[in-house]
Amino acid sequence: MKTGNLWEIFCRVIDNYGDIGVCWRLAVGLAGHGQRVRLWVDDASALDWMAPEGAPGVEVKPWAQSLQIADLHIGDILVETFGCEIAPEFVAAYKNRMASTGQKPLWLNLEYLTAEGFAERSHGLPSPVMAGLGAGLTKHFFYPGFSAATGGLLREHDLLERQSRFDRPDWLRQRGIEFRGERLVSLFCYEPPALGELLDRLSSDPCPTRLLVTAGRATAAVKACVDQRNHSLPPWNARGNLSFSYLPALRQRDFDCLLWACDLNFVRGEDSLVRALWADKPFVWQIYPQRDDAHHHKLEAFLNRLKAPPSLRVFHRVWNGVSQAVLPALDLTQWQQTVTAARKLQLEQDDLVTRIIRFASKNR
Ligand code: TRH
């Protein structure tokens, strides 16, 4: 396939930052491979702090209710992310352009990341569009995933090189984070039921810990827990073994550095899970909750893929409210081995951007 195809990526922000976070990484990754990208997003506000500097080759466009497409030169490949449904006028114009130029259309539906078996079974499958302005076109499912039979994981080509150059003390100093050699734990979460238990555990641990709390829901949840403890459990944390740094919203690149800087990472959702794996540090994942507890199965599939030891499995189940048991002890030595082994296997595989470009090349 010639380089410089124009990719049209469509993103609807449902809630949180995962939709735009994944789309941004995909867009930047494609541009890094010499592709041109337009990212159509209905709410680009998070990019103001996630990627204020933008990226060469990526144009962010507002996805207004009604697209003004009359003068638009429509691109070569459509990417609908997370079933967001591309505006019909856009699809019709794309179909017309493909018909008039004789080019083969490619319309991809980028799905959510999961380690469940259906990702392998469904990856790449065609889905003919039977009705509406896109009738006659075919969508293809593109499933990110952990095996060679899926679309893979997002990973920048210079990731390892950047990690090897990472200067932890310098990065912490530049963020104004006081560091006196204590254990560093990052916290990016929703409202985990066992958060209070974790804080109690860390505060009574003889090993001093600094919790680096990300902006937004994690900060609100920690502050509520701390307030509650200060009122009802004085002298909670009397020895001051647990200290807190409340972080501002970080640029996406700095969020990655945060995970590299810590000895244990609590992450959530989809994108930060992958970043925690690349960080090569023990991590605990809070999965995005779904209706009918469908996420319970998804969590177990991931723990299997990770080959998680029993203590890490139980910790995940309690952290995600699947089990009411007591939080197991932090076994960072064993969890580190688990993550390192899983990461090594993933690094042997091609990344998602390489695979999506290859897929486009084969199917156009
Ligand atoms: O924000 P999330 O909970 O997003 C979720 C999930 O993706 C979920 O699967 C999806 O269904 C739901 O959104 C709608 O977690 P996630 O996926 O890790 O995305 C967070 C992004 O925010 C990630 O790209 C990292 C970025 N980030 C920063 O850039 N700076 C920050 O300071 C923080 C805390 C996050």
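Predicted model: local features only at pLDDT ≥ 70, side-chain atom pairs only at ≥ 80, totals over all residues.

Reader: Why is the pair of Phe142 and Phe359 called edge-to-face?

Author: The ring centres are 5.8 Å apart, and centres within 6.5 Å make a pair. A search of the whole structure finds 21 aromatic pairs.

Reader: What makes this pair a tie between parts apart in sequence?

Author: Phe142 belongs to strand E7 (residues 138-142), while Phe359 belongs to helix H14 (residues 352-363). Those parts are 217 residues apart in sequence, so the pair ties them together.

Reader: How do you know whether Phe142 counts as buried or exposed? And Phe359?

Author: Buried means under 20% relative accessible area. Phe142 has 1% and therefore counts as buried; Phe359, at 13%, is also under that limit, so Phe359 counts as buried too.

Reader: Why is the pair of Phe166 and Trp171 called tilted?

Author: Their planes are 55 degrees apart, with 6.3 Å centre to centre. Under 30 degrees would be stacked and over 60 edge-to-face, so the rest, tilted, is what remains for 55 degrees. Trp171 is buried as well, with a relative accessible area of 7%.

Reader: What makes you say that the charged end of Arg12 sits over the ring of Trp63?

Author: That charged end is 4.1 Å from the ring centre, and the distance limit is within 6 Å, along with an angle within 35 degrees of the ring normal. Trp63 also joins Phe10, Trp40 and Phe90 in a cluster linked by ring pairs. Elsewhere, the charged end of Lys223 sits over the ring of Tyr246, 4.5 Å from its centre.

Reader: How do you know where the second largest pocket lies relative to domain 1 and domain 2?

Author: Domain 1 (6-151) and domain 2 (159-347) both give residues to its lining, so the second largest pocket lies between them. The space in this pocket is about 440 Å³. H1 gives the most to its lining, with five residues, and the classes come to seven nonpolar, six polar and nine charged.

Technical notes. Residues numbered from 1 in each chain as written. Heavy atoms only, no water. Phe/Tyr/Trp six-rings, centres within 6.5 Å; stacked < 30°, edge-to-face > 60°. Helix = DSSP H or I, 4+ residues; strand = E, 2+ residues; numbered from the N terminus. Buried < 20%, exposed > 50% of the residue type's maximum accessible area, 1.4 Å probe, protein only. 1 Å grid on protein atoms, 1.4 Å probe; cavity = no way out; pocket = protein on both sides within 12 Å on 5 of 7 lines; lining within 4 Å. Points joined across faces, edges and corners; volume = space filled by probe spheres on them. Nonpolar A, V, L, I, M, F, W, Y, C, P; charged D, E, K, R; others polar. Domains from an automatic or database assignment.
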